[in-house]
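Please look through the sequence and the model shown here. The paragraphs after them lead from the terms used to the chain as a whole, and then to single residues.

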Amino acid sequence: MTVIVGLVDGSDVWIGGDSLAHAGCQRYPRTDLEQKVFRRDDMLIGVTGTSRAIHLFQLVLHIP
């Protein structure tokens, strides 16, 4: 399960997510490049799913 939370406080925006990944029954903290929450230009983005999906959103997705 992934948790991503966003909060708006006046003109401040906060977003955060857990760093847990799993493979079968094993769970481990993510310390690699594909973080679940990241900044892209002037946006904050939270992503769930496979490492491949997170990688595509973080490094490949073109947002017009």
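A residue is called buried when its relative accessible area is under 20%, exposed when it is over 50%, and partly exposed in between, with a 1.4 Å probe and protein chains only. Asp 41 is exposed, because its relative accessible area is 63%. The structure is a predicted model, in which local features need pLDDT of at least 70 and side-chain atom pairs count only at pLDDT 80 or more, while totals for chains, interfaces and linings use all residues. Residues are numbered from 1 along each chain as its sequence is written, and side-chain values use heavy atoms, with hydrogens and water left out.

The secondary structure of the chain comes to 1 helix and 6 strands; here helices (H or I, at least four residues) and strands (E, at least two) are DSSP runs, numbered from the N terminus. From that end on, the order of the elements is β-β-β-β-β-β-α. The C-alpha trace spans about 40 × 25 × 15 Å along its principal axes. Of the 64 residues of the chain, 17% count as buried. The chain exposes about 5,100 Å², and carbon and sulfur atoms supply 58% of this area. Accessible areas come from the Shrake-Rupley method with a 1.4 Å probe, and for residues only the protein chains shown count as cover. Contact means heavy atoms within 4.5 Å. Among contacts between residues at least 6 apart in sequence, 19% join residues at least 24 apart.

Asp 41, already named as exposed, sits in the loop between E5 and E6. Asp 41 has a positive phi of about 55°, although it is not a glycine.

Lys 36 lies in the loop between strand E4 (26–29) and strand E5 (37–40). Is Lys 36 buried or exposed? Lys 36 counts as buried, because its relative accessibility is 6%. Its side chain makes a polar contact with the side chain of Asp 18, at 2.9 Å. A polar contact is a pair of N or O atoms within 3.5 Å; within protein, one must be able to donate a hydrogen and the other to accept it, and residues adjacent in sequence count only if both atoms are side-chain atoms. Not counting residues up to four places away in sequence, Lys 36 touches several residues, among them Thr 2, Ile 4, Leu 20 and Ile 54.

Thr 48 is placed in the loop between strand E6 (43–46) and helix H1 (51–60). Thr 48 counts as partly exposed, because its relative accessibility is 47%. Leaving aside neighbours within four places in sequence, Thr 48 is in contact with Thr 2 and Ile 4.

Helix H1 holds Phe 57 and Gln 58. Phe 57 is partly exposed, because its relative accessible area is 37%, whereas Gln 58 is buried at 15%. Phe 57 and Lys 36 are 21 residues apart in sequence and 9.6 Å apart in space, C-alpha to C-alpha. For Gln 58 and Arg 39, 19 residues apart along the chain, the C-alpha separation is 8.6 Å.

The last topic is empty space. Rolling a probe the size of a water molecule over the atoms shows where such space is left. On a 1 Å grid over the protein atoms alone, a pocket is an open set of points where a 1.4 Å probe fits, with protein on both sides within 12 Å along at least five of seven lines; lining residues have an atom within 4 Å of a point. The largest pocket is lined by 13 residues, of which Met 1, Thr 2, Leu 20, Ala 21 and His 22 lie nearest its centre. Strand E3 (residues 20–23) supplies the largest share of this lining, 3 residues.
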